[in-house]
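Dear colleague,

Please find the structure below, handed over for your own work. My notes on it follow directly after.

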Amino acid sequence: MRNSKLFKIFLAMALVLGVLFTVSAVAAEQSFTGVVDEDAEGTYILSSDDGEDYVITGSGLALMVGKTVKITGTLAEDAEPKSISVMSIEEIEE
C-alpha cells in the first residue's frame, strides 16, 4: 500500500517535470534569417540579418550554402561562438 502511494507521487512529479521541460523547450525555439556559409573546416555559419554570425548544426545545410534562408531552431547563447541547432530550414526567394 505504501509503495503504491510512493509510486503515484513519483509519477505525478515526473509528469509535472515533463510538462515543464516541454514548455521550456518550445519557448527556446526561435527563427533567424540570413545567408549560410561554410568555412574551411566544414563548419556551417549563418550570417544573420541581425549582424551576428552563428554556428549552425543540422541536416541539409550543405544544400543551402550561399542562399538566404529562414532557420527555426534552438539558440545556445552561452556557447562561444553562439550556435543554433537547426530544426527546420527553408530558402527565402529574393
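Leaving out neighbours within four places in sequence, Ser-48 is in contact (heavy atoms within 4.5 Å) with Thr-33, Gly-34, Asp-53 and Tyr-54. This is a predicted model, in which local features need pLDDT of at least 70 and side-chain atom pairs count only at pLDDT 80 or more, while totals for chains, interfaces and linings use all residues. Residues are numbered from 1 along each chain as its sequence is written, and side-chain values use heavy atoms, with hydrogens and water left out.

Ser-48 belongs to strand 2, residues 44-48 (strands are DSSP runs of E, at least two residues, and helices are runs of H or I, at least four, numbered from the N terminus). With a relative accessible area of 10%, Ser-48 is buried (under 20% relative accessible area, 1.4 Å probe, protein chains only).

Asp-50 sits in the loop that joins strand 2 to strand 3 (53-57). Together with Asp-49, Glu-93 and Glu-94, Asp-50 forms a patch of negative charge on the surface (residues with over 30% relative accessible area and no salt bridge, like charges being joined within 9 Å; a salt bridge is a side-chain nitrogen of Lys or Arg within 4 Å of a carboxyl oxygen of Asp or Glu).

Of the 94 residues, 21% are buried. Among contacts with a separation of 6 or more, 45% are between residues 24 or more positions apart.

Yours sincerely

Note on methods. Buried < 20%, exposed > 50% of the residue type's maximum accessible area, 1.4 Å probe, protein only. Patch = residues over 30% accessible without salt bridge, like charges linked within 9 Å, V, L, I, M, F, W, Y side chains within 5 Å. Areas by Shrake-Rupley, 256 points an atom, 1.4 Å probe, with all protein chains shown as cover. Lys, Arg positive; Asp, Glu negative; His and termini not counted. Charge placed at Lys NZ, Arg CZ, Asp CG, Glu CD.
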